[in-house]
Amino acid sequence: AWNLWIQERPLDLVGEYLKESCNASEVLRCIHISFLCLQQHPHDRPEMSSVILMLGSEIGLPKPKQPALFVREYSSSNKEYSSSNKSNLASVNELSISNVEAR
């Protein structure tokens, strides 16, 4: 989701069926607000009362920073992060390795 956001393609997150019936500006606003809620530092995240205000109005929104939990794929063969290699997952700082599993 974050990669699509920074590539200015957030509507690619929406399924084809929903794209036909949704309000694109509302979807973009919800995605934008969700990234604000995922900021690494709690003081950068909006309070719930602010989130409700953001959702219900057209007030300007601050630019989100990269989310706190951003998993990139790591290729041990070339030591670079890759979106195509599915072999290993590592944190950005290479200090921990995570296996992401569904609940």
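A contact here means two residues with heavy atoms within 4.5 Å of each other. Take the contacts between residues at least 6 apart in sequence: 36% of them join residues at least 24 apart. The model is predicted. The chain has 103 residues, and 26% of them count as buried.

**Layout of the chain**

- The chain holds four helices and three strands.
- From the N terminus, their order is α-α-α-α-β-β-β.
- The chain exposes about 8000 Å². Carbon and sulfur atoms supply 54% of that area.

**Confidence**

- The mean pLDDT of the chain is 80. A score of at least 70 is reached by 70% of the residues.
- Which element has the highest mean pLDDT, and which the lowest? Helix α4 has the highest, at 96. Strand β2, residues 80-81, has the lowest, at 46.
- Residues 74-87 have a pLDDT below 50. This stretch still shows 23 contacts in the model beyond near neighbours in sequence.

**Helix α3**

- Helix α3 covers residues 24-37, which makes 14 residues.
- From first C-alpha to last, α3 reaches 20 Å. That is close to the 20 Å expected at 1.5 Å a residue.
- Which residues of α3 are buried? They are Val27, Arg29, Ile31, His32, Ile33, Phe35 and Leu36.
- These buried residues pack against two other helices, α1 and α4.

**Nonpolar cores**

- The largest nonpolar core has six residues. They are Trp2, Trp5, Val14, Val27, Ile31 and Phe35.
- Helices α1 and α3 are the elements that give two or more residues to this core.
- Helix α3 gives the most, with three residues.
- Leaving aside neighbours within four places in sequence, Phe35 is in contact with Ala1, Trp2, Trp5, Pro64 and Pro67.
- Another core, of five residues, lies apart from the largest one. Its members include Leu36, Val51, Met54 and Leu61.

**Leu13, in a loop**

- Leu13 is in the loop between α1 (2-6) and α2 (16-21).
- Is Leu13 buried or partly exposed? Leu13 counts as partly exposed because its relative accessibility is 40%. Buried would need a value under 20%, and exposed a value over 50%.
- Leu13 touches Ala1, Leu4 and Ile31, not counting residues up to four places away in sequence. Ile31 is one of the buried residues of α3.
- Leu13 and Val27 are 14 residues apart along the chain. Their C-alpha atoms are separated by 9.6 Å.

- Ser57 is in the loop between α4 (48-56) and β1 (72-75).
- Why does Ser57 count as buried? Ser57 has a relative accessibility of 17%, so it counts as buried. The cut-off is under 20%.
- The side chain of Ser57 has a polar atom 2.7 Å from the backbone oxygen of Leu53.
- The side chain of Ser57 also reaches the backbone nitrogen of Ile59, at 3.5 Å.

Terms used
Residues numbered from 1 in each chain as written. Heavy atoms only, no water. Buried < 20%, exposed > 50% of the residue type's maximum accessible area, 1.4 Å probe, protein only. Polar contact = N/O pair within 3.5 Å; in protein donor to acceptor, adjacent residues only side chain to side chain. pLDDT = per-residue confidence, 0-100. Expected span 1.5 Å × (residues − 1). Areas by Shrake-Rupley, 256 points an atom, 1.4 Å probe, with all protein chains shown as cover. Core = buried A, V, L, I, M, F, W, Y, C linked by side-chain atoms within 4.5 Å.
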